[in-house]
Amino acid sequence: MYNIMFLLLFIGLTFIGIYLRIRNNKNRLMFWVAAVIVCCGLVGLQVILEKQIIPRLDMSTDSLVPAMLLYITGALNLFINTFPYFAILVFYLLFNGFMRYDRWLIGGLSIPIWVTLFLSSNLSKNYLDTTFLSFWGLAYTIGIFSLAIFSTVIEKEPHYRLHHFIIAIIFCIPIAVLNVFHFASSATSDRILIAIPYILVLCLIIILLLYVRGAFLGIKKKSIQMVHISTVLTHHSLKNSIGKVKLNSLNIRNSLEQKQYEHIDNYVGNLLDIHDTMMQTMSNISKAVSNQLVLQKQETDMAAIVSDVVKGLRRDSTITIDIDCPSVIVVVDRLLLTECIQNICNNAIEAIKDAGTLRIKLQQRRKKVHLTISDSGCGMDRLQVHNVFEPFYSSKQRTRNHFGLGMYQAKKVIDAHNGKIDIKSARGKGTTVTVTLKTK
């Protein structure tokens, strides 16, 4: 029973972690969640090797197999005892918006792992001195608990506060058990080891339940979400358009019967507008489900693209647009990039409820150009920021023009150009979108 329990732990958690990573490969939060789940799955493999296989091997022989298995066991032992502290802390820093693409910070947080590797372990002998590990692990645990409490307390919506609290339980209980495990005596550690699989499986079940319900980090199973929402939106849009087609057709008939020909041209214009709307809807959904964009690159002045976008923005006199865009030549698909920037700017304009400012700034640094679009609008919370690039995800009320595809399509365009798009936002403090592309 002991062996089967840890074997199932290894197979189940590792498979689920890899699955979640593949299905949500663009979500940075899910990357760290999946990494932690895989790490927990490797606990089963490490325990089986250390407790069952290694003791039965003849280590006195010259065969490489026992030495290799011992080394693998030592590497797994180091990984599963150190990585969870690091990964969960990074997760909560991202979750609370304290870190975006700060690789130096991620590297700095990993330093204790490397110190443990070189000064407190011997992988070839499966030896790990937990003295240093225990204390830096405790510091990381305190940091994780603090960030978990912070994310729960500052959330004003009771519904989301409950979700944050459940997520805190999912991560804080296992990390607390791990730290107690490091400080405990050998006899107590063995008892804790037996309880670990049950704790991990329970946490995983909660994650999966929230994931399926779309309550875990706002993520749903994409295969179901995309098909369902795409069908609903298409049906809703076509139903409205068909109703308008019928109404205008009846008006044309009535005008002909009453010989009021002066109204027919207006009704025909309405029909043409409905046609354009329906074609645009089909185009938006087609782009969303397509896997690849075909770029038609050409040398283009980024300042000219911004100028074209600004001319097409719908705004009133209460919104000020501040532009600082020097001439920078890039090799891009002008049409797609213009559409991408227009989507971002339209979102910024719509986020400004009353009076406000939209700032567009272009900077060239070495061989890269950074386009920053900032607004003084209502802003977004943490989950909205992390899910804003998901297809059919929108914080706005859905209408025939708002399908939640704009930012998803924008990211596809930037990714196709091998660029980066980053969003920083907070409720009541506006949003800043930064697009980074390579120059000529």
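**Entry 1**

I began with aspartate 415 and lysine 411, whose side chains meet in a salt bridge at 2.9 Å, N to O. I note here that the model is a predicted one. Both residues sit in helix H14, which covers residues 406-416. They are four residues apart, or about one turn of the helix. I then looked up how open each partner is. Aspartate 415 is partly exposed, with a relative accessible area of 27%. Lysine 411 has 16% relative accessibility, so I put lysine 411 down as buried. The cut-off for buried is under 20%.

**Entry 2: the other salt bridges**

I asked how many salt bridges the structure holds. The count is four. One of them joins aspartate 308 and arginine 334, with 2.7 Å from N to O. I traced both ends. Aspartate 308 belongs to helix H11 (residues 302-311) and arginine 334 to helix H12 (residues 334-351), so this pair ties together parts 26 residues apart in sequence. Aspartate 308 comes out as partly exposed, at 35% relative accessibility. Arginine 334 is partly exposed too, with a relative accessible area of 28%.

I also looked up lysine 51 and glutamate 50. Their side chains form a salt bridge at 3.9 Å, N to O. The limit for a salt bridge is within 4 Å. Lysine 51 is partly exposed, its relative accessible area being 35%. Glutamate 50 counts as partly exposed at 25%.

**Entry 3: aromatic pairs**

I turned to the rings. A search of the whole structure gives 13 aromatic pairs. I picked tyrosine 85 and tryptophan 136. Their ring centres are 5.5 Å apart and their planes stand at 65 degrees, so I logged the pair as edge-to-face. That label needs an angle over 60 degrees. Where do the two residues lie? Tyrosine 85 is in helix H3 (residues 64-95) and tryptophan 136 in helix H6 (residues 130-153), so the pair ties together parts 51 residues apart in sequence. Buried or exposed, I asked of tyrosine 85 and tryptophan 136? Both are buried.

Next I took tryptophan 114 and phenylalanine 118. This aromatic pair is stacked, with 6.5 Å from centre to centre and 20 degrees between the planes. Stacked requires planes under 30 degrees apart. Helix H5 (residues 111-119) holds both residues, four apart, about one turn of the helix. Tryptophan 114 counts as partly exposed, at 49% relative accessibility. Phenylalanine 118 is at 62%, so I wrote it down as exposed. Exposed means over 50%.

I also noted a cluster. Phe31, Trp32, Phe79, Phe83 and Phe86 form one aromatic cluster.

**Entry 4: H2 against H3**

Last, I looked up a helix pair. Two packed helices are described by the angle between their axes and the distance between them. The axes of helix H2 (residues 28-53) and H3 come within 8 Å. They cross at roughly 155 degrees. H2 and H3 are therefore roughly antiparallel to each other. The threshold for that term is over 145 degrees. I checked the hand of the crossing as well: H2 passes H3 in a left-handed crossing.

Which classes of residue make up the contact of H2 with H3? I listed 25 nonpolar residues, three polar ones and two charged ones.

Definitions and conventions
Residues are numbered from 1 along each chain as its sequence is written. This is a predicted model: local features need pLDDT of at least 70, side-chain atom pairs count only at pLDDT 80 or more; totals for chains, interfaces and linings use all residues. Side-chain values use heavy atoms; hydrogens and water are left out. Rings of Phe, Tyr and Trp (its six-membered ring) pair if their centres lie within 6.5 Å; planes under 30 degrees apart count as stacked, over 60 as edge-to-face and the rest as tilted. Buried means under 20% relative accessible area, exposed over 50%, partly exposed in between (1.4 Å probe, protein chains only). Axes are lines fitted to C-alpha atoms, for helices over the stretch in contact, and angles run from 0 to 180 degrees between N-to-C directions. Angles under 35 degrees count as roughly parallel, over 145 as roughly antiparallel, 65 to 115 as roughly perpendicular and the rest as oblique. A crossing is left-handed if the near helix is turned anticlockwise from the far one by less than a right angle, and right-handed if clockwise. Ala, Val, Leu, Ile, Met, Phe, Trp, Tyr, Cys and Pro count as nonpolar, Asp, Glu, Lys and Arg as charged, and the others, Gly among them, as polar.
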